[in-house]
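Here are my notes on the model you sent over. Have a look at the structure first, then go through the points below.

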Amino acid sequence: MEPTPENLQHLATFLSQTLVPDPATRKQAEVQLAHAKVQQGYPVLLLRLVVANDVQPEIRLQGAIQFKNLVNSHWVSSETHDYHLGDADKATVKAEIVAAMLTVPEKLQPFLSEALSTISNADFPLDTKWPELLPQLMQSLDSQDPAVVIATLKTTHAIARKYRTSSHTDELWAEIAMMLQQTHERLLRTHSNCIAMVPQQAGNKQVLDVLFQTLELVARLFYDLNFQDIPEVFEDNLDTWMAGFHQLLTLPDAIKAQFAPQEDEEKLSSMHQMQRAICEAIHLYADKYIVIVEDRSSRSDERPVFQKHLPTFVEDVWALLTHLGVVPQLDKLAISAIGFLSAIFKGTHYQFFQPAHLQSIVNNVVVPGLLIRESDEEDFEDNPLEYMQRDLEGVGTDTRRGVTCSLVNAMCVHFEAAVSQLCMTEIESLLAQYQADNSKWKAKDSAIYLFIALAVKAETKGQGVVTTNPNMNIGTFFQTHVLADLQNVTAANVSKNPILMADLLKFLITFRNQLPKEALGVLFPILNVLLSSADVIVHTYAACCVERLLTVRDGAVPRVSRADIQPMLQPFLTNLFQCLSHEASKENPHVMKCIMRIVGVAQADVAAVAEMLVQKLTGILSELCKSFAQNIAPKNPAFHHFIFETLAAVIKHVCGGGDQAAVVAMEGMMMPPFQTVLEQEITEFQPYFVQIIAQLLEGRGAPLPEVYLQILPSLLQQPLWATKANQPALTRLVKAYITQAGETIVSNQPLFHQILGLIQFLMMSKMTDHHAFAILNTILCHVPPAKFPEFLPVLTSTALDRFQKLPPASNGKFLRCLIVFFSLYMAKHGPDMLLDQMEAVQAGLLEQFMTHVWAPKMLDVVHDGTDKKICQVGMSRLLCECPRAWQFGCWQIAMDAVCKMLQNNKSSGINMNGAEDDLDFDFVVSYNNSNFMALHNAAPDKASTDPLRDVGEASAFVVQKLQQASQAAPHLAPTIQALAQTYQLS
């Protein structure tokens, strides 16, 4: 695809069509772009469109997004993609992208920046794979045009930010050294020149804005280049750097006044962004470089680096925080500043703080930082679920309240008793204000937040609080200030003061492990009343509270048992479904997650409400299907996921005991919506429904109902398999069909040929070849061996041919699948059939494959416990049962690989006792047609996935086969005896 004006116009047309409302036009354009992106020249054409000034801005933006995605996904070879960009396109892109980054509008720069970052990460190290990059950038950094300088710094930052996350290696440090050699002098000069200009331009806000943008980027590069270790050039010039940072944190009031936050502004000003970057830079030094300890000649040598600057910056940041106040627009700066103070409190130089400092910080930073603000109340009203996510789901480090809580935690590391006493004084004062006047609920709100911050020492997202502050009496606070208020809740006042009610519920959620079991008997009826609240926050917090309480364990035993939840099963479910009738909670994931958790704890008791549950859930799905059919985007994919998890849990507990009547009833309710989803091509729900149907089918007894066989041909259509998210679920479903009705399917020749065609289709792509082998392995186990000669020789030859064509660097997954397939073939049916097939292709082929590939690489590519067992059993049958294999020159090497793998079995054991309550179900669900979300409650029992369950322990089987071979092939006996001694086989 040449970058001609005509092709540029075609590309612009397709990109513009992806933005139109009509779905058919959009889809057609997306198909055209998908076909174009694999053609040589497409990346260059796309980049030139982004640069072209005569193209409409919205099309350039779409092109920039497409270019970024193309580079991120296809710059390097990957097992998850079928192609990668060619060398010619890569060379042209690298030659043009820097100039593009420096000239495109600021709105497009982030996308090119991300692409450039991906390229620089892939082409590592830069000094050998992209040596012209940095000289080109440094030349631009000397430009007299401020816009070019800023764009250059952004580009350099895009390259260097990988140093924040990369592992420290000699190669990486060499690249950083090369980067420093070319950049440090210019960065320091830019830093000093800009700082010198600040007082000269004190009255010119426009110039100051450019200077502060430049200085912010220099500070971010300072962070990038110092993250791995402190380079010598920075240490040698540290006084200059730190003097500049100090000057920028203590700007004159006249300058600060020009950048004071305005009510209509949401973003930080350039001055505050710069100060934020500086706070992060000195935070890094406070964490890592106050004093550097080196070991020289077996003695410790401490070298102060940042230590002498520490008092200055503590005072600077303290003064900065004092003047910031609690203006919401300045939260990000305050968060970075508080983070710096927290680092000092937690570090080894905490002695800098005196009691007077602690009192002042509590009064001037902690208490004001925890006060609920008008913006919080607006979020509570306007964006309730977003408010809750920020409050409950661990997003606290991005909020003023959250980082203030972290500061309290940090202060308690070395001053726990003193800080606890100071804060408890404030807590008691705040509670007294509320008790004297209940309209002052904000005081109690702050008191609860401060108590939680003080009392929690260690917690995990899944388990909750695991360590508490011994100075804080959680039980007394719960009884006096939490439970007392909750016991006043009635149906009439359930929605009164919802923010304070949310605080009380947050306390229960946070300290769920510390609450005694007897308290739950009191709390559950209260929580059920709260679930009846029409206020979305109140009933959502209540649902979240119930769900979290059901996850608590005392050792390995759930605190809430099936018997405990049984009296509340119907009341809870009634009110939870009532929550979903409120407009704001129609797709509330917390409510649906609670329903799922209750079903999981109730287990078989859910049978009494199973019909009601499934009808309500499928009814919700039916309404959602209508929305999808009308092109209404889903509000919350996590909500949909939990619907299917709940359905899977019902099937698991109601049908899991082999109750065929229950299976039939579930099929009657699940098949109609499944067929609707297939017919209407609702791709978002297809993977979930397929898993549900597979779960039902796996629990089915013979004979298989006709409805299953009727829908199977449509499930084998290649377009359905083209969606990546469908593939794992469809693979499982096809395996279930073969397992339950293998002989029936084989007897239907057109249907079986359709399955064989599907296997060949899947095997030809590295994104799907493992699914082909999964189906093939099931055929080995459930199709009569007499049928094998009709199709397995062709499929085996196809697999070997594909393996030979794959580049060695990307054939690990395919090789693992091939080895496991061959091993299972021999483990189930003996070695002779496979050996005959291989000999028919080429004499000695299996021995060659065993010598050069199978034996030397098996340990490197096979890691799963079940796969290991299959390989051990299959190889030992070949090597010990087959006289032809006794003559293999690689016999000892191959058997040695089997014995080594036996040694590793213990370290790869699988936990078969995990309970669903151990899974927190906290993940990101999205509908991008690429990510498969497995249903935990629909997962097959791990033991049932072992095709060699009848074999027992692999080690005993291998020993038995070696003993038989020693007798049948005396010439192998010395080798076998040596292996037995080396690996202690008995």
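1. Let's start with a loop: glutamate 681 sits between α32 (660-679) and α33 (686-698). Keep in mind that this is a predicted model. The backbone there has a positive phi of about 55°, even though glutamate 681 is not a glycine. With a relative accessible area of 57%, glutamate 681 is exposed, because the cut-off for that class is over 50%.

2. There is another case to check in the loop between α29 and α30 (610-629), where you'll find glutamine 603. Glutamine 603 isn't a glycine either, yet has a positive phi of about 50°. Its relative accessibility is 37%, so glutamine 603 counts as partly exposed.

3. Now the helix pair. Helix α29 (residues 589-602) packs against helix α31 (residues 637-655) at an angle of about 10°, and the axes are 8 Å apart. Angles under 35 degrees count as roughly parallel, so that is the label for α29 and α31. Their crossing is left-handed. On the α29 side the contact residues include Met592, Ile595, Met596 and Val599, while α31 brings in Phe639, Phe642, Ile643 and Val650, among others. By class, the α29–α31 contact has eleven nonpolar, three polar and two charged residues.

4. Last, the strands. β3 (residues 456-460) and β4 (residues 464-468) pair in the antiparallel sense, with four bridges. Together β3 and β4 make a hairpin, with three residues between them.

Terms used: Residues numbered from 1 in each chain as written. Predicted model: local features only at pLDDT ≥ 70, side-chain atom pairs only at ≥ 80, totals over all residues. Heavy atoms only, no water. Pairing = 2+ DSSP bridges. Helix = DSSP H or I, 4+ residues; strand = E, 2+ residues; numbered from the N terminus. Axes fitted to C-alpha atoms, helices over the stretch in contact; angles between N-to-C directions. Parallel < 35°, antiparallel > 145°, perpendicular 65-115°, else oblique. Left-handed = near helix turned anticlockwise from the far one by under 90°. Contact = heavy atoms within 4.5 Å. Nonpolar A, V, L, I, M, F, W, Y, C, P; charged D, E, K, R; others polar. Buried < 20%, exposed > 50% of the residue type's maximum accessible area, 1.4 Å probe, protein only.
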